[in-house]
Amino acid sequence: DFDENGLVLISDLISKKLGGMDISVLMGANIASEVAAGCFCESTVGYRNEDNGRLLKEVFDDVLFRVGLVDNVRGVEIC
C-alpha cells in the first residue's frame, strides 16, 4: 500500500494495529508443499529487536528449514 510518505508495508500496518508492537518478518522463496514434503528450504527473519529475531530463529530453524537473521525488517519484507 502507499500513503503520502510512500510505501506502507504489511508489517507497518500490523504494528500500528497492535499499538506499535515490535514486528519481525519471516520471508523466503519457499512453496508450502515443498516445506510440507520435507524439502530443504531457506528463509530469513528480519527483526528490529535482536532478542525477538533470535527467538524466532530458534522456533523455526531446522536441518531442512534453515533460517538466517537480518537486522532489517523492511529490507527482508520487500525482497
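Predicted model: local features only at pLDDT ≥ 70, side-chain atom pairs only at ≥ 80, totals over all residues.
**Sheet, packed helix and cysteines**

Val-25 stands opposite Gly-46, a residue of strand S4. Strand S4 covers residues 41–46 and pairs with S3 in the antiparallel sense, over 3 bridges. Helix H3, residues 50–60, packs on the sheet and touches S3, S4 and S5. The direction of helix H3 makes about 175° with that of S5.

Stepping back to the sheet as a whole, 3 strands form an open arrangement in the order S3-S4-S5, with mixed pairing. Strand S3 (25–27) and strand S5 (65–70) stand at the edges; each has a single partner strand, so one side of each is left without a neighbour in the sheet. From one strand to the next, the twist averages 25°.

The cysteines deserve a look of their own. A search of the whole structure finds 0 disulfides. For Cys-41, the nearest cysteine sulfur is that of Cys-39, 6.3 Å away, and Cys-41 is in no disulfide. A disulfide would need the two sulfur atoms within 2.5 Å. Cys-41 is buried, because its relative accessible area of 3% falls under the 20% limit. With a relative accessibility of 87%, Cys-79 counts as exposed.

Methods. Residues numbered from 1 in each chain as written. Heavy atoms only, no water. Pairing = 2+ DSSP bridges. Helix = DSSP H or I, 4+ residues; strand = E, 2+ residues; numbered from the N terminus. Axes fitted to C-alpha atoms, helices over the stretch in contact; angles between N-to-C directions. Contact = heavy atoms within 4.5 Å. Buried < 20%, exposed > 50% of the residue type's maximum accessible area, 1.4 Å probe, protein only.
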